[in-house]
Amino acid sequence: MRQQLPVFFCLIILVLVLGSCSARKKARSRKVNTIIQTARSYTGTPYRWGGTTRAGMDCSGLLVNSFQAGGIKLPRTSHEQAKLGKKVGMKELQKGDLVFFATGKKRRKITHVGMVTGKKGKDRIMFIHSSSSLGVVETNIYSSYFKKRFRYGRRVI
């Protein structure tokens, strides 16, 4: 009987730990879905450098507004946003992760940011961003333009 008590308590602790992990994952999932839904509500909004409204917004402004809906305050520029959270590679990207690109002449300078909205297979990772030519759109990160310019992702949630 004495040996059964420690095993019983270990099982109780295991159930509590696993239950709290599951609850955290569900809370993260709800928050990510809220942020993505908010970002998608801006689809079609024209690009405007420095903009943060439906009249026009840039890439970092889109994410500032979207993450604010999830209770997360992001810095205003893509350069500053690129310093947050845990760095992740393309293969580890998940919904809600920020993705950073060097679209200018300097290959290492972060100039563009978006957010992963979904994964559909190994070569289709969709992200939402504000494109200077198209406004707020969702694009496959594996498109020839963005795949070459991708630098890294950041997990902030």
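Which side chains meet in a salt bridge at 2.8 Å, N to O? One answer is the pair R40 and E138. This is a predicted model, in which local features need pLDDT of at least 70 and side-chain atom pairs count only at pLDDT 80 or more, while totals for chains, interfaces and linings use all residues. Residues are numbered from 1 along each chain as its sequence is written, and side-chain values use heavy atoms, with hydrogens and water left out.

**Salt bridges in general**

- Side chains of opposite charge can pair when their charged atoms come close.
- A salt bridge here is a side-chain nitrogen of Lys or Arg within 4 Å of a carboxyl oxygen of Asp or Glu.
- The structure holds 5 salt bridges.

**R40 and E138**

- R40 sits in helix α1 (residues 4-40) and E138 in strand β7 (residues 135-140), so this pair links distant parts of the chain, 98 residues apart.
- Helices (H or I, at least four residues) and strands (E, at least two) are DSSP runs, numbered from the N terminus.
- R40 is partly exposed, at 38% relative accessibility, and E138 is partly exposed too, with a relative accessible area of 31%.
- As for the terms, buried means under 20% relative accessible area, exposed means over 50%, and partly exposed lies in between (1.4 Å probe, protein chains only).

**R76 and D58**

- The side chains of R76 and D58 form a salt bridge at 3.1 Å, N to O.
- R76 belongs to the loop between α2 (59-69) and α3 (78-81), while D58 belongs to the loop between β2 (56-57) and α2, and the two are 18 residues apart.
- R76 is partly exposed at a relative accessible area of 30%, whereas D58 is buried at 7%.

- R155 and D97 join their side chains in a salt bridge of 2.8 Å, N to O.
- Because R155 lies in strand β8 (residues 150-155) and D97 in the loop between β3 (86-88) and β4 (98-101), the pair ties together parts that are 58 residues apart in sequence.
- Both R155 and D97 are buried.
- A network of salt bridges links R28, D97 and R155.

**Helix α2**

- Helix α2 is largely enclosed by the rest of the structure, because 9 of its 11 residues are buried.
- Among the buried residues of α2 are C59, L62, L63, V64 and F67.
- After α2 comes G71, whose phi is positive, near 80°.
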